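These are my notebook entries on side-chain pairings. I began with charged pairs and then turned to rings.

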Amino acid sequence: MQRLLVTGGAGFIGSHIVDAALARGLDVAVLDDLSEGRREHVPHGVPLFVADVRDAHEVERVFREFRPEVVSHQAAQASVSVSVRDPLLDAEVNLIGGLNVLRAARDAGAQRVVFASSGGTVYGEVPEGHAALEDDPKRPISPYATSKLAFETYLETFRVQYGLPYVVLRYGNVYGPRQNPHGEAGVAAIFALRLLAGEPVRVNAARDGNPAGCVRDYVFVRDVARVNVTAALGELGGDVFNVGTGVGSTTRDVLDGLASALDVEARVTAGEYRAGDLQRCVLNVSRLRTQGQTFVSFEEGVRETAAWFREAGRPVTRFS
Ligand SMILES: NC(=O)c1ccc[n+]([C@@H]2O[C@H](COP(=O)([O-])OP(=O)(O)OC[C@H]3O[C@@H](n4cnc5c(N)ncnc54)[C@H](O)[C@@H]3O)[C@@H](O)[C@H]2O)c1
């Protein structure tokens, strides 16, 4: 049985990776500082090391104790707007913290590191009619996107220098049960919580003034978790993959889907364009599809997300 350490495993995506890994029979542990993650997201019996990735000694201690063979690195400063306000904090967690994890993985002789990168931000604006390919030019416009991209380069450097293999997964906008409203793409969680509370919902316009908002590639969290575990087990042929659906949806589409699934009337207010938001990002996912990966439809994923928020009532409850 392989030992998998999931950093950020008490968070939204990380906790689904833990579930998927347990289902595949892996021996799993979580490293998380619980700044955004929740203890109750970690299943009973899974060791939770409460540690900050910025603390090199703590990270080394966790690796000495658990001796992971594979690392799924999800822990991050995961907010684009925080990174714009505080680029140093972003770099401390996403670069220095990430390097602490990489160094410990190298020293522990780990077989592989899987990294949560961001297809939604590293390519910059994706023009109408195009879906971003893995080899397309990168045009990060936020410190968050830059730190994700820089860490991808560190992974390649560690592979060349120290022989540490990696898989980079560039996620689209991930949504689903247990979503944290503060993360990179918290819009589905924010909308679900506001709709259930009967509060008005603001849809920010796209940069071109379109009141339906920006276009994004929304991907269901359980599909993302499955791809992560497949990558962790060395079952993906390749080292960089977009993880999305190849389908673009507007912010308004997300709202309408959730309102209809929750059977509530949305009170919509029109928001202004939010500086820094990309107008459009859709990912080409043919590389992942050739590996046999399939994805639930947006309608199905939104239905399940709505059902979870209705049952759980709040985003912090473990419910699956
Ligand atoms: N949600 C998305 O749509 C999306 C899209 C692209 C990439 N990502 C990336 O996926 C990963 C998971 O994101 P998420 O949406 O689950 O967010 P999340 O905030 O729910 O999960 C991140 C986890 O990392 C932990 N963490 C934060 N700082 C830490 C630190 N210094 N030390 C240890 N743990 C720390 C948090 O407590 C949290 O549990 C992140 O790397 C994020 O950048 C997310």
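Entry 1, charged pairs. I took a salt bridge to be a side-chain nitrogen of Lys or Arg within 4 Å of a carboxyl oxygen of Asp or Glu. The model I consulted is a predicted one.

In helix H9 (residues 251-262), Asp 256 and Arg 252 are 4 residues apart, about one helical turn. Their side chains meet in a salt bridge at 3.0 Å, N to O. I recorded Asp 256 as partly exposed at 34% and Arg 252 as partly exposed at 31%. I then noted a network in which salt bridges with shared partners join Glu 58, Arg 61 and Glu 65. Within it, the closest N and O atoms of Glu 58 and Arg 61 are 3.1 Å apart; both residues lie in helix H2 (residues 56-66), 3 residues apart.

I found 7 aromatic pairs in the structure. One of them joins Phe 115 and Phe 151, a tilted pair with 4.7 Å between centres and 55 degrees between planes. This pair links distant parts of the chain, since Phe 115 is in strand S5 (residues 112-118) and Phe 151 in helix H6 (residues 143-162), 36 residues apart. Phe 115 and Phe 151 are both buried.

I next examined Tyr 218 and Phe 298, whose ring centres are 5.9 Å apart with planes at 45 degrees, so the pair is tilted. Tyr 218 is in strand S10 (residues 218-220) and Phe 298 in helix H11 (residues 298-312), so the pair ties together parts 80 residues apart in sequence. Tyr 218 is buried at 5%, and Phe 298 counts as buried at 16%. Ring pairs also bring Tyr 218 and Phe 298 into a cluster with Tyr 175 and Phe 220.

I noted Arg 106 over the face of Tyr 162, 4.5 Å from the ring centre. Arg 226 lies over the face of Phe 295, at 5.9 Å from the ring centre.

Conventions
Residues are numbered from 1 along each chain as its sequence is written. This is a predicted model: local features need pLDDT of at least 70, side-chain atom pairs count only at pLDDT 80 or more; totals for chains, interfaces and linings use all residues. Side-chain values use heavy atoms; hydrogens and water are left out. Rings of Phe, Tyr and Trp (its six-membered ring) pair if their centres lie within 6.5 Å; planes under 30 degrees apart count as stacked, over 60 as edge-to-face and the rest as tilted. Helices (H or I, at least four residues) and strands (E, at least two) are DSSP runs, numbered from the N terminus. Buried means under 20% relative accessible area, exposed over 50%, partly exposed in between (1.4 Å probe, protein chains only). A charge sits over a ring if NZ of Lys or CZ of Arg is within 6 Å of the ring centre and within 35 degrees of the ring normal.
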